[in-house]
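Keep the coordinates open as you read.

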Amino acid sequence: MIEGKMIKFYREKAGLTQGQLVNGICSVTHLSKIERGITEYSEEITQLLAKKLNINPQEEIARYHNLSKKLEQWHDAMVMQNLKESESLKKELEQDDLIQLQEFHHYFLLLSARYHLLKNQLGQAKKLIHHIQRIESTLSLHDANMLKHVCGIYYFLSGQYQECVDVLISIDQQQYNRLEYFYHLAIAYHSINSPVRAYYYADKALRYFRNTLNILRIIDTEMVMLIQLNANEPHDFNETIQTYEKLLKMCDTCYAVERKAKLYHNFGFEYARRRHYQKAVELFQEALKLIDEHSPHYLTTLDRYIFSCHAGNLLSKESLLELAQKGLDLAKEANSNDWINFQLHLYLLNDEIENYYQCVETTALPYFKKMGYKILIDYFEKKLFQYLYEKGDAEKALELAKSLIQGKPNFYENN
């Protein structure tokens, strides 16, 4: 009963009451039923109502279907991570006044929040999410589940990984068929050091991306799966190398520069954890060439590059100090907590061991615990335990030992 929806929309837009519109055409009761889509009505009546509203019913119905199609195209563009198309469709949708229809408006708000997340505009996304949550009771089942997906993405990007898992796992797949959320579940589980669940959901996401021919997201997902295979102990290295090389070629095919940088970073990480520092450094260098210095990914790769150069004795102390200071300055300029990593590098390079472990205990570990970085927590707690034990501080060492007893092997074990 699209005609009824359009009549109600344009009546309210014109500022007419039901009585004013139906004068000389039909009863208010009949119009109310037409607008709610709960009665049959003659074409003659709808034509008279449309004429009074100065609209063409056929053209408005076509606009309605076109708008519905564009909303889906916008959603598809964001899943494909096609920013240019996303921006173009957003502008088109904003200019269509039919977007104010409730069934479209709620979906449009959700997609707008998703758009801000795609651009990493967390503050704007958060405001929209809070607004939608206030009207959650009016959402359709599809939109209510989409809200969970959008919240999950927001939680992940803001470092709230357990919250991300909790909300995404509650999505009703029967009501929401955008199975991309399996990918977000996978990376959230990865972030809380749950490789089996991460691999399980990444595999489900991979099937979805293959079915929808989403090459970029296939690369993302295979990367996640490869990381999980190497999570607790190094996977077959020849197979690991072959998979990384395959994914790098896929990036070249579709000009995926950002993903190529991430692959070089992860590939370098695999060499570093096996103590092949020379090769690791070469791969980190390739990654750094592809990343803008003001990107958060640049800081992450620079951190690992410094670590590998130091561990492999591949750069002079002066050069490493210069790089660590550069990382510290960039992190502070970007208001990024990555400054902690570079401050630790500086303490270590300057042989300020007491300052290093004081920073680990009072700054690094509290931050990692707040963010839920279990891998880093485990790694630094072990280093701190060893330091306290050798220093003779038995009380603090025993406190740490309680959590270490329950610890699991992690990515850093072989470093």
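How many helices and how many strands does the secondary structure of the protein come to? It comes to 22 helices and zero strands. Both kinds of element are DSSP runs numbered from the N terminus: helices are H or I with at least four residues, strands E with at least two.

This is a predicted model, in which local features need pLDDT of at least 70, side-chain atom pairs count only at pLDDT 80 or more, and totals for chains, interfaces and linings use all residues. Residues are numbered from 1 along each chain as its sequence is written, and side-chain values use heavy atoms, without hydrogens and water.

Now the overall form. The C-alpha trace spans about 95 × 50 × 35 Å along its principal axes. Of the 415 residues, 49% are buried (under 20% relative accessible area, 1.4 Å probe, protein chains only).

Helix α1 (residues 2-14) packs with helix α4 (residues 43-53) at an angle of about 25 degrees, their axes 10 Å apart. That makes α1 roughly parallel to α4 (angles under 35 degrees). I7, Y10 and R11 of α1 make the contact with T46, L49 and L53 of α4 (heavy atoms within 4.5 Å).

Methods:
Axes are lines fitted to C-alpha atoms, for helices over the stretch in contact, and angles run from 0 to 180 degrees between N-to-C directions. Angles under 35 degrees count as roughly parallel, over 145 as roughly antiparallel, 65 to 115 as roughly perpendicular and the rest as oblique. Buried means under 20% relative accessible area, exposed over 50%, partly exposed in between (1.4 Å probe, protein chains only).
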